[in-house]
Amino acid sequence: MAGIYIHIPFCKLKCNYCDFHFSTNQKLTQKMVESICEELIQKKDYLDGEPVKTIYFGGGTPSIISTELLKQIVETVYLVFEIVKNVEFTFECNPDDLNNEKLKDLKELGVNRLSIGIQSFEDEQLQFMNRAHNSNEASNCVQLAQNNGFSNITIDLIYGLPNTTEEYWEKQIEKAIKLKVNHISAYCLTIEEKTVFGNWYKTGKLKLVDDEYSLSQFKLLQLELNKNGYEHYEISNFSKNGFISNHNSAYWLGEKYIGIGPSAHSFNGSSRQWNVANNIKYINGLRKNEAYFEIEELNSIDKFNEYILTRLRTKWGVNLDGLFLINDEQKVQTLKMIDKFIKNNDLQLIDDTIYITQQGKFIVDHISSELFI
Ligand SMILES: C[S@@+](CC[C@H](N)C(=O)[O-])C[C@H]1O[C@@H](n2cnc3c(N)ncnc32)[C@H](O)[C@@H]1O
Ligand code: SF4
């Protein structure tokens, strides 16, 4: 089974932290949708006829696109690929785009999982991040979606924001829990170079919070969500009653997926490819039949490192048999390193699989990089 990701590269505003690929100039929307449909047709054989079990519209901001244009993309997806009946169809939305009409339209298009980018429930922080929505929209959009029949909802939050207190974060978690969503993604703020925050950081206008502070917010998040029945199944992801993101889990478990739209990545088991992160180059590439993506064949070292990188962050762990060990010398080195982390209580070994411990979760990036070849 496979997945399809569609990247919608437009946003209303440029959030101060975000370096994902998007443009705030929406003049090319119609042409972009035509190109996305064209790419879907061109890549019809990429998944080797495997049935598609997850569709994911991400961005950018998919919810700013008109229903008519979205319909064109969805119809092309269904025309080109075999989609399973109980497909998980996730759609990323920003709170300010949600109203009864939009939600009804999304339902009719077959969307059955909404991912809503709330980030914060407070105006001061929303304005600081340059989000397009306000605290009322943040608080009301989930119920609006639930009233329109969406029961599978995930929300995004950001922690580790400068100038926030422990009480601030506690309140955000509390509000999130009250919404009764069955999935929460919470990301620690990262300062990316080519963003407004990156620029403020360089010029001294923005100070980073120290690691201890972010860590205490992460610990609080884990504690409160676990207490309220959410399973911590990946470093940034928590789900209730098994409502994990099947689409993202497929990435972490190394399954095939095709990514359509500028900057989207694809993986077919042996190679990765990625589209150009530029709207005009993408549209022209498809129109003039010029290169708009690059391909990288994965060698055994890449496969080994990717396996560690993606699996260690999840509840499924790293199966030692599944490691693509390069040679005996490397195997000894890797096992020695694993042993060091087990002794330090950062990893645990159960039936040939290594799992990240509660303590290890705080330094998972460090552990992964130490295990890389
Ligand atoms: C690329 S956005 C797309 C979703 C949608 N446009 C939105 O704004 O909600 C996906 C998520 O990544 C997270 N994110 C993006 N940049 C981040 C950063 N620099 N630090 C922490 N989280 C970030 C945000 O929580 C965001 O909701
Ligand atoms: S966080 Fe979402 S809305 Fe903000 S710039 Fe990034 S993709 Fe666009």
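This note goes through the predicted model point by point, from the overall fold to single residues.

1. Basis of the note. Residues are numbered from 1 along each chain as its sequence is written, while chains are lettered from A and ligands numbered from 1 in the order in which they are written. Because the model is predicted, local features need pLDDT of at least 70 and side-chain atom pairs count only at pLDDT 80 or more, whereas totals for chains, interfaces and linings use all residues; side-chain values use heavy atoms, with hydrogens and water left out.

2. Overall fold. The chain holds 13 helices and 15 strands, where helices (H or I, at least four residues) and strands (E, at least two) are DSSP runs numbered from the N terminus. Its radius of gyration of 21 Å agrees with the value near 21 Å for a compact globule of 373 residues, taken over C-alpha atoms with a rule of 2.2 Å times the number of residues to the power 0.38. The C-alpha trace spans about 55 × 50 × 45 Å along its principal axes.

3. Burial. Of the 373 residues, 52% are buried, the classes being buried under 20% relative accessible area, exposed over 50% and partly exposed in between (1.4 Å probe, protein chains only).

4. Surroundings of ligand 2. The shell around ligand 2 consists of Cys11, Leu13, Cys15, Tyr17, Cys18, Phe22, Gly60, Thr61, Asn94 and Arg131, each with a heavy atom within 4 Å of the ligand. This shell divides into 6 nonpolar, 3 polar and 1 charged, with Ala, Val, Leu, Ile, Met, Phe, Trp, Tyr, Cys and Pro counted as nonpolar, Asp, Glu, Lys and Arg as charged, and the others, Gly among them, as polar.

5. Aromatic pairs. The structure holds 15 aromatic pairs, that is, rings of Phe, Tyr and Trp (its six-membered ring) with centres within 6.5 Å, called stacked for planes under 30 degrees apart, edge-to-face over 60 and tilted for the rest. In one of them, Phe128 and Phe197 have ring centres 4.9 Å apart and planes at 35 degrees, so the pair is tilted. Phe128 belongs to helix 4 (residues 123-128) and Phe197 to helix 7 (residues 196-202), 69 residues apart, and both residues are buried. Phe128 also pairs with Trp200, with centres 6.0 Å apart and planes at 40 degrees, so this pair too is tilted.

6. A cluster and a neighbour. Ring pairs link Tyr159, Trp169, Phe218 and Phe362 into a cluster. Lys219, in helix 8 (residues 211-227), is partly exposed with a relative accessible area of 42%; Lys219 and Phe362 are 143 residues apart in sequence and 8.7 Å apart in space, C-alpha to C-alpha.
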